[in-house]
Amino acid sequence: MSMALAGLGVVLAALTLVWLLSLRLRDASIADVGWGLGFVLLAWLYCVLSPTLTPRSWLVAGLVTLWGAWLSLHIFRRNHGQGEDPRYRAMRASHGHAFWWRSLFTVFWLQGTLMWFVALPVLVAVRAAQPAHLTAIDGLGVLIFAVGFAFEVVGDAQLARFKADPANRGTVLDRGLWRYTRHPNYFGDATLWWGVYIVAASTPGGWLTLLSPALMTLLLMRVSGVTLLEEGLKASKPGYQSYISRTPAFFPWFPRSGR
């Protein structure tokens with residue numbers, strides 16, 4: 001419990017510093033850049049605080065670092081020079097002059113709390129002394145993580161190439177991974193956290209952190225991911241409704257015959 005509370009305190013303190021930077025830049029979008037790095041911070045903090053480190057500890061810290069560093073770099077490159085994300089501009093307009101201090105709670109500390117809860121399997125996996133060696137369950141978790149990471153990286157790369165071609169403006173990407181799911185990057189993000197959970201579940205009591213990957217999946221499917229993004233896509237892309245009719249929203253599968 002003390003390690004968990006320390007993790008929450010450190011991540012909220014770190015995001016407070018990011019919030020101060022957002023005030024100077026007048027851009028709350030940097031909260032998204034800090035999302036992945038926040039998980040990296042938690043993973044290595046737990047390694048530092050853990051009384052016992054096993055190969056599993058280094059494995060989980062390495063997996064989280066790989067994903068978190070890549071995600072933050074990807075978001076930084078994608079957002080650089082684009083101004084504040086429309087979601088945050090809408091929040092800024094809604095809150096008016098109070099947004100500067102409300103954003104600390106509604107954006108940065110909220111993300112920090114969610115981050116801390118989602119990362120509970122990382123805490124469990126890092127500090128568990130038993131099993132002392134990696135097991136087949138750990139291998140299964142790494143495999144699932146790798147599948148999720150591949151979906152996220154490849155999906156985002158395909159989308160970036162598609163957007164870079166001016167001829168694709170106003171059209172819908174329905175090739176590559178995007179032929180089988182409308183959101184391969186979100187599916188990959190959720191999947192890799194289930195992989196981290198399975199690694200944690202290989203330790204005594206690790207299965208109790210089930211709600212952490214479940215929350216991440218819920219957020220991506222129903223809150224800040226698929227549902228929020230598609231509201232705008234339906235209005236801005238004429239072919240998107242047809243794309244919806246033939247392509248699964250989240251879990252990959254073969255496309256249906258759209259009408």
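Residue numbers start from 1 along each chain as its sequence is written, and side-chain values use heavy atoms, with hydrogens and water left out. Because the model is predicted, local features need pLDDT of at least 70 and side-chain atom pairs count only at pLDDT 80 or more, while totals for chains, interfaces and linings use all residues.

The largest nonpolar core holds 51 residues. A nonpolar core is here a set of buried Ala, Val, Leu, Ile, Met, Phe, Trp, Tyr and Cys residues joined through side-chain atoms within 4.5 Å; buried means under 20% relative accessible area, exposed over 50% and partly exposed in between, with a 1.4 Å probe and protein chains only. The members that touch the most other members are Phe39, Tyr46, Trp67, Val122 and Trp193. Two or more residues each are given to this core by helix 1 (2-25), helix 2 (30-49), helix 3 (55-79), helix 5 (99-118), helix 6 (120-127), helix 7 (136-164), helix 8 (184-201) and helix 9 (211-223). Helices (H or I, at least four residues) and strands (E, at least two) are DSSP runs, numbered from the N terminus. Helix 2 supplies the largest share of the core, eight residues. Apart from this core lies another, of eight residues, including Phe162, Trp178, Leu233 and Ile244. In soluble globular proteins, nonpolar side chains tend to be buried together.

When residues up to four places away in sequence are not counted, Trp193 touches Phe39, Val64, Trp67, Val118, Ala119, Val122, Pro213 and Met216. Contact means heavy atoms within 4.5 Å.

Two packed helices are described by the angle between their axes and the distance between the axes. Axes are lines fitted to C-alpha atoms, for helices over the stretch in contact, and angles run from 0 to 180 degrees between N-to-C directions. Helix 3 packs on helix 8 at an angle of about 170 degrees, with the axes 11 Å apart. The two helices are therefore roughly antiparallel; angles under 35 degrees count as roughly parallel, over 145 as roughly antiparallel, 65 to 115 as roughly perpendicular and the rest as oblique. Arg56, Val60, Val64 and Trp67 of helix 3 meet Asp189, Leu192, Trp193 and Val199 of helix 8. Six of these contact residues are nonpolar, none polar and two charged, where Ala, Val, Leu, Ile, Met, Phe, Trp, Tyr, Cys and Pro count as nonpolar, Asp, Glu, Lys and Arg as charged, and the others, Gly among them, as polar.

Helix 3 and helix 7 pack at about 10 degrees, with axes 12 Å apart, and are therefore roughly parallel. Residues in this contact include Trp67 and Trp70 of helix 3 and Phe145 and Phe149 of helix 7. By class, the contact has ten nonpolar, one polar and four charged residues.

The buried residues of helix 7, among them Asp138, Phe145, Glu152 and Phe162, pack against helix 3 and helix 8. Ala136, also in helix 7, is exposed, with a relative accessible area of 69%. Ala136 and Val199 are 63 residues apart in sequence and 9.5 Å apart in space, C-alpha to C-alpha.

A cis peptide bond, with omega about -10 degrees, joins Gln130 and Pro131; Pro131 is in the loop between helix 6 and helix 7. Arg26, in the loop between helix 1 and helix 2, has a positive phi of about 55 degrees although it is not a glycine. Arg26 is exposed, at 59% relative accessible area.
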